[in-house]
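Hi,

Here is the structure I promised to pass on.

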Amino acid sequence: MKPDIPLVNRIFDGLERHISEVSIEYDKEYINKTLSHLYSPGPSFQYILDINTRRFDYVSESVKDVLGFNSQNFTLQDYADLVCSEDLDYVVHCEKLIEFFLFEFIDKSERLFYKHIYPLRMRNSLNQSNLYLRQTISISADDQYRISKVFTNQSKIDHITSVKNGTVSFIDIRGHRSYFNIRTKSDLINPSPVIRRLTNREIEILKLLSEGFSSKEIANRLFISYNTVRTHRNNILKKTKCFSINQVIGKYIKKGVI
């Protein structure tokens with residue numbers, strides 16, 4: 001038996017009471033709004049997973065470019081088999097923290113408003129190991145708030161950082177209270193101070209910079225002047241006391257702030 005095969009079972013063990021017994025379709029308008037809160041700081045692929053059936057409803061064609069697999073026949077077990085062996089226990093730990101957060105720590109009505117983020121190492125079809133940033137959010141639930149489907153955006157981030165910080169961050173997409181750098185359940189009860197927060201506009205610009213947009217492209221995209229973008233960039237560097245934007249991006253990704 002492959003050592004990776006139990007991974008799916010280990011993650012889903014004990015989740016039955018929190019999973020919808022039927023598939024609940026997601027609202028397309030809602031998911032379009034939700035996707036604006038997920039970003040891609042590197043080559044990325046996306047999927048929608050039905051938790052009850054443990055099958056993908058959708059896998060983006062970009063999984064071919066990122067992992068080397070055809071989106072039409074890519075399965076959850078294929079995904080699990082690609083997780084590096086040294087990360088198996090780590091991934092289970094992160095997923096159990098997520099389970100605790102969603103189903104025991106926050107109110108059930110809040111479950112569709114938190115995205116959870118953590119880095120992990122996976123191999124591609126050529127057996128090359130890469131570091132990825134995994135961002136997931138629940139997108140549908142039944143009338144008892146039992147989860148039905150989740151959306152994941154997974155981005156390659158080796159060009160930004162080689163450090164896996166070993167924590168999970170829970171970010172409220174409405175801008176309400178978020179929890180950063182969580183290693184244990186006790187961290188949720190007594191969270192440690194986070195690095196200085198940037199403004200929403202500065203975070204927006206930082207995300208676009210991490211996705212490879214130039215200052216001129218960002219100005220056009222946000223309908224602001226080029227000089228305004230430059231001012232925001234300078235303010236970001238001053239607030240974070242970093243020497244370069246890439247250093248800021250790496251720092252904020254590792255902290256789970258963006």
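**What I found**

Let me start with Glu99, which sits in helix H5 (helices are DSSP runs of H or I of at least four residues, strands are E runs of at least two, and both are numbered from the N terminus). Before going further: this is a predicted model, so local features need pLDDT of at least 70 and side-chain atom pairs count only at pLDDT 80 or more, while totals for chains, interfaces and linings use all residues. Residues are numbered from 1 along each chain as its sequence is written, and side-chain values use heavy atoms, with hydrogens and water left out.

Back to Glu99: its relative accessibility is 14%, so it counts as buried (buried is under 20% relative accessible area, exposed over 50%, partly exposed in between, with a 1.4 Å probe and protein chains only). Setting aside neighbours within four places in sequence, Glu99 is in contact with Ile11, Asp13, Gly14, Leu15 and Glu104 (contact means heavy atoms within 4.5 Å).

**The empty space**

Rolling a probe the size of a water molecule over the atoms shows where empty space is left. The terms work like this: on a 1 Å grid over the protein atoms alone, a cavity is a set of points where a 1.4 Å probe fits but cannot get out, and a pocket is an open set with protein on both sides within 12 Å along at least five of seven lines; lining residues have an atom within 4 Å of a point. Grid points are joined across faces, edges and corners, and a volume is the space filled by probe spheres set on the points.

H5 gives the most, with six residues. By class, the lining of this cavity splits into 21 nonpolar, three polar and three charged residues (nonpolar is Ala, Val, Leu, Ile, Met, Phe, Trp, Tyr, Cys and Pro; charged is Asp, Glu, Lys and Arg; the others, Gly among them, are polar).

The largest pocket holds about 640 Å³ of space. Its lining has 23 residues, and Ser36, His37, Asn200, Ile203 and Lys207 lie nearest the centre. Here the classes come out as nine nonpolar, six polar and eight charged. Strand S6 (168-172) and helix H7 (200-210) each supply at least two lining residues of the pocket, and H7 has the largest share with five.

**Two helices**

H7 is largely enclosed by the rest of the structure, because eight of its 11 residues are buried. Among them are Glu202, Ile203 and Lys207. Just after H7, Gly212 takes a positive phi of about 95 degrees.

Val229, His232, Ile236 and Thr240 of H9 are buried. They cover an arc of only 60 degrees around the axis, which puts them on the same side of H9 (the arc is that of the directions from the helix axis to the C-beta atoms). The face turned away from that buried side carries the exposed Asn227 and Lys238.

**Phi values and a loop**

Most residues other than glycine have a negative phi. Just after H9, Lys241 takes a positive phi of about 60 degrees. Arg54, in the loop between S1 and S2, also has a positive phi of about 60 degrees. Tyr145, in the loop between S4 and S5, has a positive phi near 65 degrees. Arg54 is partly exposed at 31% relative accessibility, and Tyr145 is partly exposed at 33%.

Last one: is Ser60 buried or exposed? Ser60 is buried, at 4% relative accessibility, in the loop between strand S2 (55-59) and helix H3 (63-66). Ser60 and Gln46 are 14 residues apart in sequence and 5.3 Å apart in space, C-alpha to C-alpha.

Cheers
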